[in-house]
Amino acid sequence: LAEKDKAAQQEAVDNLTGYSGAFSGFLAGATDLQEDALPDGNQMHIGQLKGQLDAYAAKDYDEAYGLAREAFTHMIMTGDTLSGAIQEQSPDMFPLEPATMSAADLRVTLDRLLGEHAILAMLATQKGLSGSADFEAIAGALDQNGVELSQAIGSVYGDEAAETFLNGPSLWRDHIKFFVDYTVALAKKDTAGQQ
């Protein structure tokens, strides 16, 4: 893509299509999942990763980071599918009790959103430090992640708690602002500002 070599791009896509079939067969053999159900998920993963790179190359940063977030979520769903199949194969090794589905769902949601936050925050501060053109887009994706985290908090504690979590003094959005402040001070070599 960087060299604008269409033939090499197509060769790589063809190789990824081959990977999708081979990997689906491997997973089906290991987990007893239906092999014909797996390629769609693998193709979606390939499409998301390729799509975000194509969008990034075209300087459509909002689309690139939107697809990056979708890809992260899709990998969580893939993990859910695989872990469910593994649990069914080995229920003695991986019992469902005492966790309830709602407790497990909340855990997975928070794990996903907090893990995504860490990745987006690192990318955003690096983009901010280097003055990259896509900084605003990654910052927007990071903020949307924070909104979704507040909604997860609100699903347990209510709307007021969600709002406090997101916008309360020295809470979620403020901590992101403090990292931005640090990034700006670091770029300026302002040690007092960093402190």
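## Exercises on a predicted model

Alanine 185 lies in helix H7. The model used here is predicted.

**Exercise 1.** Decide whether alanine 185 is buried or exposed, and find its contacts beyond the neighbours within four places in sequence.

*Solution.* Step 1: the relative accessible area of alanine 185 is 5%. Step 2: buried means under 20%, so alanine 185 is buried. Step 3: with neighbours within four places in sequence left aside, alanine 185 contacts Asp190, Gly193 and Gln194. Step 4: leucine 129 is 56 residues from alanine 185 along the chain, and their C-alpha atoms are separated by 9.3 Å.

**Exercise 2.** Work out how helix H5 is oriented relative to helix H7, and which residues meet.

*Solution.* Step 1: the axes of H5 (residues 135-157) and H7 (residues 172-187) come within 10 Å and cross at roughly 155°. Step 2: angles over 145 degrees count as roughly antiparallel, so H5 is roughly antiparallel to H7. Step 3: the crossing of H5 with H7 is right-handed. Step 4: from H5, Leu142, Asp143, Gly146, Val147 and Leu149 meet Trp172, Arg173 and Ile176 of H7. Step 5: sorted by class, this contact holds five nonpolar, one polar and two charged residues.

Key: Residues are numbered from 1 along each chain as its sequence is written. This is a predicted model: local features need pLDDT of at least 70, side-chain atom pairs count only at pLDDT 80 or more; totals for chains, interfaces and linings use all residues. Side-chain values use heavy atoms; hydrogens and water are left out. Axes are lines fitted to C-alpha atoms, for helices over the stretch in contact, and angles run from 0 to 180 degrees between N-to-C directions. Helices (H or I, at least four residues) and strands (E, at least two) are DSSP runs, numbered from the N terminus. Angles under 35 degrees count as roughly parallel, over 145 as roughly antiparallel, 65 to 115 as roughly perpendicular and the rest as oblique. A crossing is left-handed if the near helix is turned anticlockwise from the far one by less than a right angle, and right-handed if clockwise. Contact means heavy atoms within 4.5 Å. Ala, Val, Leu, Ile, Met, Phe, Trp, Tyr, Cys and Pro count as nonpolar, Asp, Glu, Lys and Arg as charged, and the others, Gly among them, as polar. Buried means under 20% relative accessible area, exposed over 50%, partly exposed in between (1.4 Å probe, protein chains only).
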